[in-house]
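Please open the model in a viewer and keep a selection panel at hand. The stops below are meant to be followed in order.

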Amino acid sequence: MGFDISSDRYSILATPVGMSEQSPLPTIAQASDPLVMEKGTRQERENNGEPQYVITRSGRYSIRWHLLRELDYKLYTKPSKEYILIPVLARSPATLFRFWQPRLDDSPPAWSLDDLYIGGSEISAAELMDHFEGEPTISEWLFAPHSENKKDYCSADTNGSLVWGAASPGHRAITTQELIINEGHVLQFKLSVGCGESQQQQQSCSSEDSGVTLQYSLDGGVTGWQLVRDSCLPGTSPDPDCIPYSYHPQSIFKADIYSHWTRITVPLPEKTWASTTQLRWVQETVGHGSKTIPWSLDDVYVGDPCPEHCHGHGDCLAAQCVCDEGFIGESCLPVPSASSPLPTSLVDGFEAGIEANWLEISGGGVGLGCNSLAPYGHGKHLYFSGCGTRHAITKDMDARRASKIMFVLRIGSHDNTPSCYVNLGDPQRALDKGVILQYTINNGIIWNTINVHDPLDFRKARRVAYSLPYEAKRYGIQLRWWQPDHDGTNTDHWAIDNVEIVL
Ligand SMILES: [Ca+2]
Ligand SMILES: [Ca+2]
């Protein structure tokens with residue numbers, strides 16, 4: 001609703017359910033506590049001490065208005081959400097509220113109001129922090145079916161974490177109470193999916209549907225639960241809010257890369273900003289025969305973000321970083337150490353296995369699957385044919401003086417040999433079967449794209465070279481080669497060789 005400043009005085013009035021029919025006032029949303037807002041001026045406030053805006057409450061026939069909150073116009077030059085606890089005394093069956101701008105002489109600031117809601121039992125929490133040193137409490141969590149609190153799950157000193165074991169299939173979930181999520185808020189948590197499973201079981205394609213999905217709802221699930229992060233990919237982008245060149249998968253976490261405890265930081269997207277947001281982690285395990293992958297959750301934090309997301313090397317707690325060992329400062333930068341400095345280069349032809357400066361290789365290994373990457377590559381290469389995530393990530397590097405990234409890439413082959421095959425039948429998905437080169441300055445919380453390699457251009461091995469972007473020339477960056485989409489072990493193979501990150 002809007003307020004025209006040309007007339008003298010405006011108010012919004014609401015009556016509670018069951019209020020007297022003598023009242024001419026409209027009912028708003030089953031409210032038990034109606035509101036009125038009035039108008040006024042800064043000058044007047046300065047002249048006579050009246051607040052500029054007040055929200056007041058009153059008994060039904062009372063003539064005295066009590067101040068709830070002054071809404072200073074300087075704080076609302078941009079629309080923003082406001083939450084005001086209704087005091088106990090105002091929780092009567094006949095309370096009026098008003099929004100009020102006191103009388104004006106000259107040009108007052110115009111104002112408007114929208115999305116008014118009066119009701120609820122309590123104001124949602126704006127922050128959530130739980131280390132699960134005991135069972136989840138009802139003030140923070142709604143349900144946690146099939147979970148139990150265990151200490152030292154997955155060989156870590158967890159002080160207790162919530163564990164969904166292998167023995168109880170079904171709807172395995174935990175749901176928060178309603179939270180106030182504002183712009184800039186982050187969600188951070190630690191997750192382990194399939195701890196103790198053998199590598200072979202983790203790679204089993206039949207476990208594809210046993211990931212833990214992170215979802216949200218603004219209405220208690222009435223209109224369903226949506227992914228907190230849908231995928232943003234170069235070809236198909238289901239999320240309309242995708243930022244160009246910021247590619248990432250959807251918020252589903254599987255055993256292939258989350259089997260060890262992993263800290264996950266999610267800057268909460270605009271679609272989750274509300275005063276009634278609930279978050280839910282859920283694993284749906286289907287009936288008999290299917291394997292139930294155990295998982296565990298710990299150290300959940302929802303609230304204001306930390307500086308630079310602690311560069312991905314610290315826990316964010318109440319907007320303050322608690323840095324991992326080897327990282328210091330308010331944003332957890334790596335300690336420049338003379339004894340173990342970060343590597344300044346990475347050169348790998350994969351002839352003698354995998355070089356030490358790779359952090360994580362998933363869905364791939366050293367082999368000859370794509371025959372030869374001649375004439376640019378020779379012998380063995382890093383070959384990807386796994387059924388889950390396919391990526392290769394470097395360790396943190398000192399790239400302050402690095403200038404070039406070079407490598408040889410092949411995606412499938414023109415003659416489509418069985419071990420080096422790419423299926424481009426679906427043109428929309430074809431680009432997502434390409435390989436994206438990205439860098440991160442925060443241990444993978446946000447990946448920045450250097451380039452997308454289209455399979456159409458790489459069915460023959462090609463050597464590519466990039467200048468390192470200026471923003472990536474720093475102490476503590478990682479690079480990732482990532483194929484976002486593929487159809488499983490029999491297809492969409494790719495390989496890299498002769499990787500060089502050099503001065
Ligand atoms: Ca814990
Ligand atoms: Ca080689």
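What is the mean pLDDT of the protein chain? It is 82, and 82% of the residues reach 70 or more; pLDDT is the predictor's confidence in each residue, from 0 to 100. This is a predicted model, in which local features need pLDDT of at least 70 and side-chain atom pairs count only at pLDDT 80 or more, while totals for chains, interfaces and linings use all residues. Residues are numbered from 1 along each chain as its sequence is written, and chains are lettered from A and ligands numbered from 1 in the order in which they are written.

Select residues 1-54 next. Here pLDDT stays under 50, and helix α1 (residues 42-48) has the lowest mean pLDDT among the elements, 38, whereas β29 has the highest, 98. Helices (H or I, at least four residues) and strands (E, at least two) are DSSP runs, numbered from the N terminus. Where pLDDT is low, the predicted coordinates should not be read in detail.

Now select L409, V435, A495 and I496. Within the largest nonpolar core, of 40 residues, these have the most contacts. Such a core is a set of buried Ala, Val, Leu, Ile, Met, Phe, Trp, Tyr and Cys residues joined through C-beta atoms within 7 Å; buried means that 20 or more other C-beta atoms lie within 10 Å of a residue's own, with C-beta atoms placed from the backbone. Strands supplying at least two residues each include β28 (404-411) and β33 (494-502). Because domain 2 (128-304) and domain 3 (346-502) both contribute residues, this core lies between them; the domain bounds come from an automatic or database domain assignment.

Terms used:
Buried ≥ 20, exposed ≤ 12 C-beta atoms within 10 Å, placed from the backbone. Contact = placed C-beta atoms within 7 Å.
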